[in-house]
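Open the model in your viewer and keep the sequence panel beside it.

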Amino acid sequence: MRSISSYRHDLFKLDSPYGFYFQWRWMTSSKRVQDRSRKKRIHDLEIATEKHKVISKILYLFELLKQEPENIITIRNLNQHRHQINLPKPHKVSDFIQKSPKLFELYKDQRGIVWCGMTDEAEELLKEEKQIIEKNSDKTAEYVTRMLMMSVDKRLRLDKIAHFRRDLGLPVDFRKYWVNSYPDLFRVIQPLKPCDDAEYLELVSWKPHWAITELEKMKLNMDELKGNVHVPGTLCLEFPLKFPATYKKIYRYGGKIEHFQKTEYLSPYADARGLKAGSLEFDKRAVAVMHELLSFTTEKRLVTDYLTHFRREFSMPQKLMRLLLKHFGIFYVSERGKRFSVFLNQAYNGSILFEKYQHPLVVWREKVLHLVGYRGKKKPIMSFEDISELEDKFSFGSDSEDEHIKLEDERSDTLDGFENTLISDGPELELESVHLDYQKSG
């Protein structure tokens, strides 16, 4: 029996001598995303999420320092970027920097003001990253073009694409130079000017040989596809599923997964404006679009907020998170941090990508992570006198956090203890909410 709290009553005024009456309505039970996904946690992918959070901080600091004229910045100015670095109080930016002495150096000028700069090793790593991005630029241009081909209007706002910059392997200044390097693929336009100065990237020419999904390449004979002019249409392909041992109960639920897998759907590159929102075909196409987008990324992972920004452009459902959680054999949603992340399950072997999915930038980021949280005696902050004989590559200004910086002989490794801090999975995960979703979608 349901308790009285499972119902809601609404009061309505009637034009009758009896005045008012109560109407009882069945109230839909819903759970927060955090509560639902907590029951389906994959420990290894939570570790991958933690690693991503750390490398994101490091990459932001790299980019910030590269924008400075002398590649140095005061700790005071760094504190102004605390939100972007995602380093909440009471954690100090200076403490985080000192955990990576192989990447960052702190210097104190004559006035006691502390500046942060990069080590020679970090600068060499950035040169290597630039070379990797340039070498893979053509492939990145292909992925951006294919995103435009999937979109309803064959154009996307540049500021939305910017959210995917690191995920796609785009250079920092891609809006200024890179977008103009492929005039045969796309161009920058301002269609709403003067009402709106927003810039859009518009498809210049349709590439039939690129209108083939990564799933088609995996499942079908590519030699046959190459021999014909490919026209995207209806597909009937099964998505790779990957469940942990604790998910085995899902197979008892009426063959809903099997039914979904065998359902036909429109290719992400086909016009989907005629599909009815909420239908099984509409949902499966949305899953295919998300599968394709995740396949384009370097880490086969995206922040879910960025996906939701493209709901209209890619004809995806309003309740996108619900769809991601429902198809947890294809995707995994981690709610750690301020923003949720979604992973493509098939690409991961534990907490790392299978070798065939590893982008050169992923390998590069792993090299950077190995230098984070270096264990050893911390170097003291060099004073102006200590560095006066070194090459004159730093200039000085003002600061505020300097007197609070304390040097310690040992600090804990930034990446150390991930597994201890993660909430462990239970012996058997609860799947009732997912089962209900499958019942409704039948």
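Helices here are DSSP runs of H or I with at least four residues, numbered from the N terminus. The model is a predicted one.

**Stop one: a loop between two helices.** Select α4 (82-85) and α5 (93-98), then the loop between them, where Asn 86 is found. Check its backbone: Asn 86 has a positive phi of about 65°, although it is not a glycine.

**Stop two: another asparagine.** Go to the loop between α2 and β3 (72-74) and pick Asn 71. Its phi is near 60°, again positive in a residue other than glycine. For context, most residues other than glycine have a negative phi, and most peptide bonds are trans.

**Stop three: a cis bond.** Select the loop between β7 (186-189) and β8 (200-203), which holds Pro 194. The peptide bond joining Lys 193 and Pro 194 is cis, with omega about 10°.

**Stop four: a helix pair.** Show α2 (residues 43-67) and α16 (residues 360-370). Their axes come within 10 Å and cross at roughly 90°. Angles of 65 to 115 degrees count as roughly perpendicular, so that is how α2 runs relative to α16. From α2, display Lys 51, Val 54, Ile 55, Ile 58, Leu 59 and Phe 62. They meet Trp 364, Arg 365, Val 368 and Leu 369 of α16. Color by class: this contact has eight nonpolar residues, two charged and no polar ones.

Note on methods: Residues are numbered from 1 along each chain as its sequence is written. This is a predicted model: local features need pLDDT of at least 70, side-chain atom pairs count only at pLDDT 80 or more; totals for chains, interfaces and linings use all residues. Side-chain values use heavy atoms; hydrogens and water are left out. Axes are lines fitted to C-alpha atoms, for helices over the stretch in contact, and angles run from 0 to 180 degrees between N-to-C directions. Angles under 35 degrees count as roughly parallel, over 145 as roughly antiparallel, 65 to 115 as roughly perpendicular and the rest as oblique. Contact means heavy atoms within 4.5 Å. Ala, Val, Leu, Ile, Met, Phe, Trp, Tyr, Cys and Pro count as nonpolar, Asp, Glu, Lys and Arg as charged, and the others, Gly among them, as polar.
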